[in-house]
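The following exercises concern a single protein model and are to be worked with the sequence and coordinates at hand. Each task is followed by a solution in steps.

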Amino acid sequence: MAIRGRSRSPCFHSLVLISIFVVSASATVFFEERFTDGWEERWVKSEWKKDENIAGEWNYTSGKWNGNPEDKGIQTSEDYRFYATSAEFPEFSNKDKTLVFQFSVKHEQKLDCGGGYMKLISGDIDQKKFGGDTPYSIMFGPDICGYSTKKVHAILNYNETNHLIKKDVPCETDQLTHVYTFILKPDATYSILIDNQEKQTGSLYSDWDLLPPKKIKDPEAKKPEDWDDKEFIPDPEDKKPEGYDDIPKEIVDPEAKKPDDWDDEEDGEWTAPTIPNPEYKGPWKPKKIKNPNFKGKWKTPTIDNPDFKDDPDLYVYSRLKYVGIELWQVKSGTLFDNILVADDPEYAKQVAEETWGKNKDAEKAAFEEAEKKKAEEESKNEPESDGEDEDDDDFDGEDTDADDKAEDNKDEENKDEEKHDEL
């Protein structure tokens, strides 16, 4: 059986911790956490960054707005903090199996810099020391920082090196719950879904630099001397018209007239101004025609890469054993829930519909109501103006304060992005 976050008796939970698999219909569920009774026993909060007093605390909550107040998860609760927690499940290998990694995340704080991703970890680790330097197998989920970073991370570890996906996968940036799903298949293909909708798909071979390329440009190849890559050539039968070179570039303006007050003795001999000659077409060039000998643009041929060695187990992680959350947040408020590690994409879709799908409309309505109340409160609290003169008197000072604050905020944002990039 897998560790599942559902309300069960203490006896059941004891059995769960020593069991291996649970098969739900055709699906094998290795880990499933819905943060119900006993979830604290399944998760180990890391002491990473505790000595530096920058380790954040988790809240157990359904959030400020939700579709079901009983559907709770864990939420970051302190600004400018590092967060790390993990849960163990019976070790397994995804060899010859489809691997599905899925979870829901909600950024109630309108996240400006921080992660919402999770990790799958192999082998044995000290969960109390789990942190940013702990090796992982897969890191997946949304990441936002400033205007430049708003994407879904899909980082795979291969031969002890982390490799980022080369394709761009935009993430959701609103303040509602969204479900992120990563599917890795035995044929080394993958899919990324958001809210049960496929956003990206492809192959481990092409979308990550896990292996050297199968083909490379032939370093010995050279373009043949007789290769004609000119698509158009001058028409050999086109002849320059007689008298073409005699056409002047400029001509006397036929409409120009000598001014009535022009005095030849005082002003000199009057000369009519010139204008561009509409008959002049520039230096003569023969017209272009299709080149009958055109062979196309020459491309360097490719050859088999002698450094390429295929790995039929490219997709395999043989000792998957933990799921973890490790991130840095400038503003807290990110809520994780409904975590799943399984082998059946259809079961994952079912879980998403049972959780996010069932609650999304009610959550959106609750959010809109919360925003409406917030706007009403802000409107009530707006100070009334006492007159234009007083506003003018205060303007210079307020403007200076605003400039100082803006500069401070800019410096703080730069520091946040630097810290984010270090992660």
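pLDDT is the predictor's confidence in each residue, on a scale from 0 to 100. It applies here because the model is predicted.

**Exercise 1. Confidence**

Determine the mean pLDDT of the protein, and state how the model treats residues 1–23 and residues 390–400.

Solution. Step 1: the protein has a mean pLDDT of 86, with 85% of its residues at 70 or more. Step 2: residues 1–23 have pLDDT below 50, and the model gives this stretch 55 contacts beyond near neighbours in sequence. Step 3: over residues 390–400 pLDDT likewise stays under 50, and for this stretch the model has one contact beyond four places in sequence.

**Exercise 2. Nonpolar cores**

Identify the residues with the most contacts inside the largest nonpolar core, and examine the surroundings of Phe140.

Solution. Step 1: the largest core comprises 66 residues, and Phe140, Phe182 and Val323 have the most contacts inside it. Step 2: beyond four places in sequence, the residues that Phe140 touches include Phe101, Phe103, Tyr117, Met118, Val152, Ile192 and Phe182 itself. Among its other partners are His153 and Thr181. Step 3: a separate second core has ten residues, including Ala27, Val29, Ala342 and Val351.

**Exercise 3. Helix H5**

Describe the span, the bend and the start of helix H5.

Solution. Step 1: H5 covers residues 345–381, 37 residues in total. From first to last C-alpha it reaches 50 Å, close to the 54 Å expected at 1.5 Å a residue. Step 2: a bend of about 50° occurs at Lys360. Step 3: at the start of the helix, a side-chain oxygen of Asp344 comes to within 3.0 Å of the backbone nitrogen of Glu346. Step 4: the buried residues of H5 include Tyr347, Val351, Trp356, Asn359, Glu363 and Phe367.

**Exercise 4. Two sites**

Are Asp207 and Leu314 buried or exposed, and which residues do Asp207 and Leu314 contact?

Solution. Step 1: Asp207 belongs to helix H3, residues 204–207. Its relative accessibility is 5%, so Asp207 counts as buried, the limit being under 20%. Step 2: outside four places in sequence, Asp207 contacts Leu164, Ile165, Lys166, Lys167, Tyr190, Thr201 and Gly202. Lys166 is 41 residues from Asp207 in sequence, yet their C-alpha atoms are 5.3 Å apart. Step 3: Leu314 lies in the loop between strands E22 (302–304) and E23 (320–329). Leu314 is buried because its relative accessible area is 3%. Step 4: with the same exclusion of neighbours within four places, Leu314 contacts Tyr158, Leu204, Tyr205, Leu210 and Leu211.

Conventions: Residues numbered from 1 in each chain as written. Predicted model: local features only at pLDDT ≥ 70, side-chain atom pairs only at ≥ 80, totals over all residues. Heavy atoms only, no water. Contact = heavy atoms within 4.5 Å. Core = buried A, V, L, I, M, F, W, Y, C linked by side-chain atoms within 4.5 Å. Buried < 20%, exposed > 50% of the residue type's maximum accessible area, 1.4 Å probe, protein only. Helix = DSSP H or I, 4+ residues; strand = E, 2+ residues; numbered from the N terminus. Expected span 1.5 Å × (residues − 1). Bend = angle between axes of the 7 residues up to and from the residue. Polar contact = N/O pair within 3.5 Å; in protein donor to acceptor, adjacent residues only side chain to side chain.
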